Amino acid sequence: MMKFRFRRQGADPQREKLKQELFAFNKTVEHGFPNQPSALAFDPELRIMAIGTRSGAVKIYGAPGVEFTGLHRDTATVTQMHFLPGQGRLLTLLDDSSLHLWEIVHHNGCAHLEEALSFQPPSRPGFDCASGPLSLARVTVVLLLAAGDLAALGTEGGSVFFLDVPTLTLLEGQTLAPDDVLRSVPDDYRCGKALGPVESLQGHLRDPTKILIGYSRGLLVIWNRAAQCADRVFLGNQQLESLCWERSGNTLVSSHSDGSYAVWSAGAGGSPVTQPTVATTPYGPFPCKAINKILWRNCASGDHFIIFSGGMPRASYGDRHCVSVLRAETLVTLDFTSRIIDFFTVHSTRPEDEFDEPQALAVLLEEELVVLDLQTPGWPAVPAPYLAPLHSSAITCSAHVANVPAKLWARIVSAGEQQSPQPASSASSWPITGGRNLAQEPSQRGLLLTGHEDGTVRFWDASGVALRPLYKLSTAGLFQTDCEHADSLAQAAEDDWPPFRKVGCFDPYSDDPRLGVQKVALCKYTAQMVVAGTAGQVLVLELSDVPSEQAVSVASVDLLQDREGFTWKGHERLSPRTGPLPWPAGFQPRVLVQCLPPAAVTAVTLHAEWSLVAFGTSHGFGLFDYQRKSPVLARCTLHPNDSLAMEGPLSRVKSLKKSLRQSFRRIRKSRVSGKKRAANANSKLQEANAQLAEQACPHDVEMTPVQRRIEPRSADDSLSGVVRCLYFADTFLRDAAHHGPTMWAGTNSGSVFAYALEVPAAAAGGEKRPERAVEAVLGKEVQLMHRAPVVAIAVLDGRGRPLPEPYEASRDLAQAPDMQGGHAVLIASEEQFKVFTLPKVSAKTKFKLTAHEGCRVRKVALATFASVACEDYAETCLACLTNLGDVHVFSVPGLRPQVHYSCIRKEDISGIASCVFTRHGQGFYLISPSEFERFSLSARNITEPLCSLDISWPRDTARTSHRLRESPKLSQANGTAGVVLAPGSRGGSPGPGRSKGADTPEPPEATLSPMSIDSATSADTTLDTTGDVTVEDVKDFLGSSEESEKNLRNLAEDEARACAILIK
């Protein structure tokens, strides 16, 4: 008979209200270092710092947790930024010469950033004061005067214009033209040459009527605005790069394009100065690169700091990125690994103070921010509480651990402090401390783990707005590489001059690509973790509070199982070091398991209570007992035609011809597959479905929504054997009366393998189990007929809730699972979600996402959503990210769609691949190589900046009337679509749940699954969407013979009725 669905009733208003209390989508904060920075500013009064980027983003930072973000309307590079001291206002200059005034304003007690005014100068170059309105060429430099109410604009044409900052309007009649300056210059200096662009403008700290103007040709002029004349003229002949005016006004320092700098005396006198007091090329005598910026800071001790960037010998060190710090006879050349954008010193700026007394030096680089303590001998680096470069080595994977126990947190923090101990004499702390963080201290801690290309795993404090580095684990020391030999050669070849000092942690170069981390898993109750890499290495590590020296056990697992006809053509395995090795405090390796062939690990999971680790590659999966240090199981998942899996990601034998040949073969197969499947029994079901779907249906009923037709996938597609997910569960697999340990594995070809494990039970009260061997028996094998890759697997207990993590139930840290009712297994493939009953593995419910929405599943996680209206109510739901960048939320176990949001641009493939969900309905994804965007799907658990700033600027109505708009904070400052208001601008005071952070404790009844069930980052292979979602082939290897015969009879009856059944 034909199945109809009667017309749906209207949406349940009670359920819709509940959805609003559970779900809400917000992009809240961007963690990490801004991508492609281009400008820097610092407010010494408010102690806040601003960074501008090439995409037009403006980011202001203060104390940890104090952040403001804005984005210019046009995607233009921010070239200069200037704070109006103490006012919370910022003037930005873009590369199109437009000026923008930003304000930090308060609403409902929280501050956020708004763009108040903008000014676009006339585009016609030159100016004509007599015949028309002022026009100015490209603005090259900006100087704020008179407490920020006036700005001087230096241009490419050599003119200096003046701008009223509160209104952003040009002041007519005050323009300083090059001809006005040339009148004060001797005739022999003019000689028909132009002065060139204005390179630098400097203000006098104690006399705001005087301006120091530096022209590209080398001419320096102290201009008196009150008298409209030049007080002093300095006739420089070298091309000018930068200027600095000492606070007393008696000394000028100029830097030049030939790598030299000059010190000029600006004492009393009216005649032009032709020679500087001091002129030197610090890294001469050979040709040097330009000194791009120079600072002079004096001290009460009588000596002074000279700080400059560039100036290195062109031939030998022209490719170095250096900032030199000179004090008396001490010179240090700070050697960075990325380009220098700008730098500033934190020093006294009060006019009544006689000395600068610099406290710290902040250097903005293209890939990181470095702060040095200038008050401590040796000028050590100050650890950054935020803005740490996530991409110091390229990120290859990430994972989130919620509700970290306080003891483990303290041990990780302690291990991190031992890695970078601070000198005892250092009393300096982070100098950027403006504003107040209003967010409540999170009651629970969250860890973000990032695996990197150089074999390191970094631990980050993701509990709040500021992503703080805690600890770095390196796995490279376990293997033999050539990096030590290269380092020793480099050190031997380097001379004592210049006195280079390596600074910063950005190091994009990997000694060996095989070291790259592909998967990480951490047990937060036993402090054990697994790190799996690109060359098939799987490390089991344990946290130790003291350094140790010990050997690491090495074991190999052959995943091919001596299968003939396969030859590995990829990279070799990494060679481990032998003998006892020294290990610092922190996570120390205990066992190294080497997969053979040494292909990249695509899935890994850890069960510390059973002392088991499971891992999978493109060839198969294995199970290892790390307590007994012996393999338990190895299963090959390769198809006979799957030759591509034998080449590996780093193979050099791939060719364009071969790739094209395989592509055409797949196209040809898809075209003729319909003819080949004519003899298949499943084709009868498809034909019956098509005929019945074409028949007319009564008008008083409504058919199910139109679904896309899904073609079956070929069984011998390349990379069909890739293991996508692994999962441990204590559930019913043998029969409905006895439960026990199981292991589940899902592959790229839609196969699911379920193994029953015999794990010796630990004695009562004991932590370790007996030393007897673990046994694994294949219990079930499920083949999804659409053959879509299996993204995730999770077992649900009798109440439909995910099973707790290892040790959670035994230590009374979570509600024990229901072992009385029937269990079910949720299998998420790229095309559908399906719930099967256990132990019979019969379909219970499903949702065909690809057929309904036309998208594929990329990431999946089970998350708990707490209600904002009732603290005791929460629901466990399935969060899913698709290849179109949309996030869908489904109920569990009913698989009913709840909400869906547009989260990531569908073109942002790397962002979609990097997404990781948390247990409490939040998520992270990379918006650039150095930045994570944090988003929340929960209406209650939101981590966003909630901060305030003490501003001295009076907010009168005359000024507020000029405000243009509230600055939208785009979903990412690097250009993604979607608008979220800036921090604190959503209106209304923050509710009690909004400031609780990421790890608000969940209600006791909302127990969650062991971990975020997720697809393998390295296994996100794009395959054709084919295969109708019909009947799964389930093989039961544990059932009785009577049950097998009964199943066969049922299958035969189903096929007989196929012509009359519309398969949904």
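A residue counts as buried when its relative accessible area is under 20%, and as exposed when that area is over 50%. The legends below use those words for close-ups of a predicted model.

**View 1. Ser97, a buried residue with a positive phi.** Ser97 has a relative accessible area of 7%, so this serine is buried. Look for Ser97 in the loop between strand E7 (89-94) and strand E8 (99-107). Its phi is positive, at about 70°, although Ser97 is not a glycine. As background, most residues other than glycine have a negative phi.

**View 2. Gln36, a partly exposed residue with a positive phi.** Here is another non-glycine residue with a positive phi: for Gln36 the angle is about 55°. Gln36 sits in the loop between strand E1 (23-32) and strand E2 (37-43). Is Gln36 buried or partly exposed? With a relative accessible area of 36%, Gln36 is partly exposed.

View 3. Leu596 and Pro597 are joined by a cis peptide bond, with omega at about 0°. Pro597 belongs to the loop between strand E41 (586-596) and strand E42 (603-607).

View 4. Pro893 is placed in the loop between strand E56 (886-891) and strand E57 (897-902). For context, most peptide bonds are trans.

**View 5. Glu808 and its polar neighbours.** Glu808 is a loop residue, found between strand E50 (790-796) and strand E51 (824-829). Its relative accessibility is 3%, so Glu808 counts as buried. What does the side chain of Glu808 make a polar contact with? The partner is the side chain of Tyr525, at 2.9 Å. A polar atom of the Glu808 side chain also lies 3.0 Å from the backbone nitrogen of Glu805.

**View 6. Helix H5 and its buried face.** Helix H5 (residues 406-419) has 14 residues and spans 20 Å from its first C-alpha to its last, close to the 20 Å expected at 1.5 Å a residue. Its buried residues are Leu408, Trp409, Ile412, Val413, Ala415 and Gly416. Seen down the axis of H5, these buried residues fall within an arc of 160°, so they line one face of the helix. The spacing has a simple background: an α-helix has 3.6 residues a turn, so residues three or four places apart point the same way. Turn to the face of H5 away from the buried side and you will find the exposed residues Ala406, Lys407 and Glu417. The buried residues of H5 pack against several strands, including strand E29 (395-404), strand E31 (445-452), strand E37 (537-544) and E41.

View 7. E37 and E41 run antiparallel and are joined by eight bridges. Strand E39 (residues 553-558) pairs with E41 in the parallel sense, over six bridges. A handy landmark here is Ser553, which stands opposite Val591 in E41.

Conventions:
Residues are numbered from 1 along each chain as its sequence is written. This is a predicted model: local features need pLDDT of at least 70, side-chain atom pairs count only at pLDDT 80 or more; totals for chains, interfaces and linings use all residues. Side-chain values use heavy atoms; hydrogens and water are left out. Helices (H or I, at least four residues) and strands (E, at least two) are DSSP runs, numbered from the N terminus. Buried means under 20% relative accessible area, exposed over 50%, partly exposed in between (1.4 Å probe, protein chains only). A polar contact is a pair of N or O atoms within 3.5 Å; within protein, one must be able to donate a hydrogen and the other to accept it, and residues adjacent in sequence count only if both atoms are side-chain atoms. The expected span of a helix is 1.5 Å times one less than its number of residues. The arc is that of the directions from the helix axis to the C-beta atoms. Contact means heavy atoms within 4.5 Å. Two strands pair if DSSP finds at least two bridges between them.
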